[in-house]
Amino acid sequence: MSQQSSKIRVAVVFGGRSSEHNISCVTAGAVMAAIDRDRYEVVPVGIARDGRWVLAPADLNLAIEDGRLPEVSGDGEALALPFDPESRGLMVVGPLEAPSAALVGVDVVLPVLHGPYGEDGTIQGMLELAGVRYVGAGVLSSAVGMDKGFMKLVWEAQGLPIGPYVIITDREWRRERKRKIDEVRELGRPVFVKPARAGSSMGISRVESEADLEAAVEAAREHDPKVIVEAAIVGREIELGVLQGLDDGPPEASVPAEVVMDSGAGFYDFETKYLDSSLRMDIPPDLDPAAIEEAQRIAALAFDALDCEGLARVDFFYTADGEWILNEINTMPGMTPTSAFPQMWAAGGLDYPALVDRLIQTALRRATGLR
């Protein structure tokens, strides 16, 4: 606990350099509104698109308004993280002067960053070096969870159910394009082309014809030079939240949610996910209790296979034959007011403030360093 205050000091870090900057801001707004200010002191830390860290104003509006997404402007006092495990703090630095007024005694960091340069193990590694506790998965788990190719390799090695896919690296696309197109052809049609290390449905295309494949790969490469192409799986889209178990217990899986699109959207893209008012989540979906129990079992195994901590959202396809196919894991899922993750836990009796409190308390109890 901070020496300056009887309250636990929580630095909420949001924004970031990825294409998911705006959604991170929306998540941060919801999380900070849910934190119990009688118990916690919140330090809002914004990361601008160019990578600058700033102490964000307390009254910063982080809500979606009239379809406009919030962002970190970069205005405000510049921050730096001293790599001193004893200080556990952030320093305010002037443009031409030595560090001044230290924001010392940060007890825990809640990094609500999505995508590269945040959710992929980078900030986790920085916080590990600084000896600061933080919410969520560690360095390797975050990195593997962010990279859909390595994620699937780990799950496949653990015998977990996944669909067919092809990875296209930057070098392969530039030098072995024909070979990779031939591999993709074996997946059949349609396929989904995605950035391998992005979320929030950024840069995804549904491809029905081989003539459209190269353009779809290039669209994905605008977000990530590494691309994954997945065979389409006919099934219902089901999501489950997973939380690290209490007192060294096993992971706990939430009530499931089903993504239901009434607008006729071809797939669950960015606009449908965040800006389409016709999208709904059925929580719980119309599923047999035994099927739900099986999904919860696989979700917990998927969480453990990547050695995750804190929280994750696990996405599935549920086929007409009653088969669960893992789609992906998100180690820092969106927690906007319309996001599935908090809604699923609320449906099971854990409301938003209690959920955020559990994440903070779980992080505070875990050790720093190797574990």
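Trainee: Why is aspartate 224 called buried in this predicted model?

Mentor: Its relative accessible area is 3%. Buried means under 20%. Aspartate 224 is therefore buried.

Trainee: Where does aspartate 224 lie?

Mentor: In a loop. Helix H7 (213–221) comes on one side of that loop and strand E11 (227–231) on the other.

Trainee: What makes the link between the side chains of aspartate 224 and arginine 197 a polar contact?

Mentor: The distance is 2.6 Å. The cut-off for a pair of N or O atoms is within 3.5 Å, and one atom must be able to donate a hydrogen that the other can accept. The pair therefore counts as a polar contact.

Trainee: Which residues does aspartate 224 contact, leaving aside neighbours within four places in sequence?

Mentor: Pro195, Ala196 and Arg197. Contact means heavy atoms within 4.5 Å.

Trainee: How do you know that E9 and E11 pair?

Mentor: Strand E9 (residues 191–195) and E11 share five bridges, in the antiparallel sense. Pairing takes at least two bridges, so these strands qualify. Valine 193 stands opposite valine 229 in E11.

Trainee: What is the strand order in the open sheet?

Mentor: The order is E8-E11-E9-E10, with antiparallel pairing. Strand E8 (165–168) and strand E10 (205–207) are the edge strands.

Trainee: What makes them edge strands?

Mentor: Each pairs on one side only. From one strand to the next, the twist averages 20°.

Trainee: Which strands does helix H4 lie across?

Mentor: H4 (residues 148–157) lies across E8, E9 and E11, running at about 140° to E8. H7 also packs on the sheet, touching E8, E9, E10 and E11. The direction of H7 makes about 25° with that of E9.

Key. Residues numbered from 1 in each chain as written. Predicted model: local features only at pLDDT ≥ 70, side-chain atom pairs only at ≥ 80, totals over all residues. Heavy atoms only, no water. Helix = DSSP H or I, 4+ residues; strand = E, 2+ residues; numbered from the N terminus. Buried < 20%, exposed > 50% of the residue type's maximum accessible area, 1.4 Å probe, protein only. Axes fitted to C-alpha atoms, helices over the stretch in contact; angles between N-to-C directions.
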